[in-house]
Amino acid sequence: MNNRKLSSMRGEKRLKRLKAYLALTKFRAIASLVFGIAITPAAMASDTAPTTEVEQATAVKEAPTQASALQTNATVNATAPVTKTQTCYLEGMAEQLQCGKIAVAENPEKPEGKQIDIHFAILPAIKDTHPQEALLAIAGGPGQSAIEHAAGFDKLLSKVREQRDILLIDQRGTGQSNILNCEDDSLISPLEFNDDSIDIIAETEKCLASIDVDIAQYDSQTALTDFEAVRQYLGYEKLHVYGVSYGTRMAQLYMRHYPQALATVTLDGVVPMQQSVIAIGSAIERGFELLMRDCSNNAACQQQFPNLLADFTQVNDALAKKPVKQSVRDPLTNQPSTFLLTRSKFTGAIRMALYTPVVRALLPHAIHQAAQGDYQPILGIYALAADGAGLAMGMHASVVCAEDIHRISDQMRQDAKDSYVSANMIEGLEKTCEVWQVPPVDDSFSQPISSNIPTLLLSGELDPATPPNWGRWPKKNSLTRNISFHRSRPMA
């Protein structure tokens, strides 16, 4: 394949991702939720990720409960993984890997009904000293494909892979596992698209009509039965589970329902079971405040951008009245184009940039230039963020509408009134879930986890989605003992 054709294919792929990112704004509240729940662990995003506060739970209060009453989608005879996989290559990795799939019932209560494929990939251990164990890496979102981020997980978990397989599973509704996505068929250029004019209810209805699935079967607990089915199919006796952000919810459910299958658990960017992910609005605000604080405390930043908050407020207030249009260079093609900057695009780009230290460092300049009427820098950040926003929004809605929307309290609504991000999130989610009708989980879903499985909790000081105080909830709720704390200063 010649370089010109390869470059063209890459450009088309990035453009598709950019349009998919814009499609997220058709569900503005969900988009805000996406920006709140970390799309990739910080260590994947950059070698200079925010320093984390580590809470290590060497044991948790109670003995493991009996195996889950959840119905497992597949029970199989354990055999060596290699006999049930085939050689494959994944983006960003040059070596041969092993991939496969299992067929499961879409509705576990109807095992003879519609079947869907659950795809998985194995990053084989360099020296397989523990063939009966693997580390299961669970992606965030909800709605992210784990397999698509194989290269990131490989980098993050390189030490683990020296002696154990890394197992990646595309959760049902994501990636290759019967993805529930809402395609954007608009002919309008993504740069000129006015996301503030979207009718959320109408677009959600359109999305729902375009997919032929039982949307009530794409929640976290049903997906967990698929994970356990894959483990049994591959014959692993024990899993070490690593979950990031929303993935920590899946990891905690695994602890609750299948404790006998787990050796250790790592929760990176903890979302406690007691916490609705909709509460991330305040975490986003906190992440932005930390950006302002860091700039004011840095002599070089303060000297160059002495009025950064005022610059942001100026742009934000102007966009609240009407979007602005400017001639720019397309970030994908470098061709002359027109950029329509809305308030949603502006705040969304900032939220996404907060996840990655290198991009976060560009925000003061981009905000200042926007206040001067130059929107090219914020467009660049917007495009960088969009290039990594590969989420399945149908699956995202199935999870949030089943597990979180009913946990919005009057106090949360009151607190959201003074926050554009939080207010937009709650309003948009309620409109989305009005259409995306799925039964809510029962109250037991949000009970704290009790387990004696060795568990490591990681929370980043600069995390704009899952703040450090969420990582303290296990101690706060007397679920863990023998916890040691270590806090490092954030890296410059």
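Overview. The protein chain holds 20 helices and 12 strands, where helices (H or I, at least four residues) and strands (E, at least two) are DSSP runs numbered from the N terminus. The model is predicted, so local features need pLDDT of at least 70 and side-chain atom pairs count only at pLDDT 80 or more, whereas totals for chains, interfaces and linings use all residues. Residues are numbered from 1 along each chain as its sequence is written, and side-chain values use heavy atoms, with hydrogens and water left out. Of the 492 residues in the protein chain, 57% are buried, a word that here means under 20% relative accessible area, with exposed meaning over 50% and partly exposed lying in between (1.4 Å probe, protein chains only). Among contacts (heavy atoms within 4.5 Å) between residues at least 6 apart in sequence, 80% join residues at least 24 apart.

**View 1. A salt bridge between Glu 133 and Arg 164.** The whole structure contains 15 salt bridges, each defined as a side-chain nitrogen of Lys or Arg within 4 Å of a carboxyl oxygen of Asp or Glu. In one of them, the side chains of Glu 133 and Arg 164 meet at 2.7 Å, N to O. Glu 133 belongs to strand β5 (residues 133-138) and Arg 164 to the loop between α5 (158-161) and β6 (165-169), so the pair ties together parts that lie 31 residues apart in sequence. Glu 133 and Arg 164 are both buried.

View 2. An α-helix has 3.6 residues a turn, so residues three or four places apart point the same way. Glu 228 is buried at a relative accessible area of 1%, and Arg 231 is buried at 11%. A salt bridge also joins the side chains of Asp 294 and Arg 293, at 2.8 Å, N to O; here Asp 294 is partly exposed at 23% relative accessibility, and Arg 293 is partly exposed at 35%. Elsewhere, salt bridges that share partners join Arg 249, Glu 403, Asp 404 and Arg 407 into one network.

View 3. Helix α8 (residues 246-257) has 12 residues and spans 17 Å from its first C-alpha to its last, close to the 16 Å expected at 1.5 Å a residue, the expectation being 1.5 Å times one less than the number of residues. As 12 of the 12 residues of α8 are buried, the helix is largely enclosed by the rest of the structure. The elements that cover these buried residues include β5, α7, β7 (238-244), β8 (262-268), α16 (393-403) and β11 (455-460). Arg 256 is found in this helix, α8, and is buried with a relative accessible area of 18%. A polar atom of the Arg 256 side chain lies 2.4 Å from the backbone oxygen of Gln 447. Between Arg 256 and Phe 445 the C-alpha to C-alpha distance is 10.0 Å, although these residues are 189 apart in sequence.

**View 4. Aromatic pairs.** The whole structure has 6 aromatic pairs, counted when the ring centres of Phe, Tyr or Trp (its six-membered ring) lie within 6.5 Å, with planes under 30 degrees apart called stacked, over 60 edge-to-face and the rest tilted. The rings of Phe 153 and Tyr 242 have centres 6.5 Å apart and planes at 85 degrees, so this pair is edge-to-face. It links distant parts of the chain, with Phe 153 in helix α4 (residues 150-156) and Tyr 242 in strand β7, 89 residues apart. Phe 153 is buried at a relative accessible area of 1%, and Tyr 242 is buried at 6%. The rings of Phe 339 and Tyr 382, with centres 5.9 Å apart and planes at 35 degrees, form a tilted pair. Phe 339 lies in strand β10 (residues 336-341) and Tyr 382 in helix α15 (residues 376-386), so the pair ties together parts 43 residues apart in sequence. Phe 339 and Tyr 382 are both buried.

Conventions:
Polar contact = N/O pair within 3.5 Å; in protein donor to acceptor, adjacent residues only side chain to side chain.
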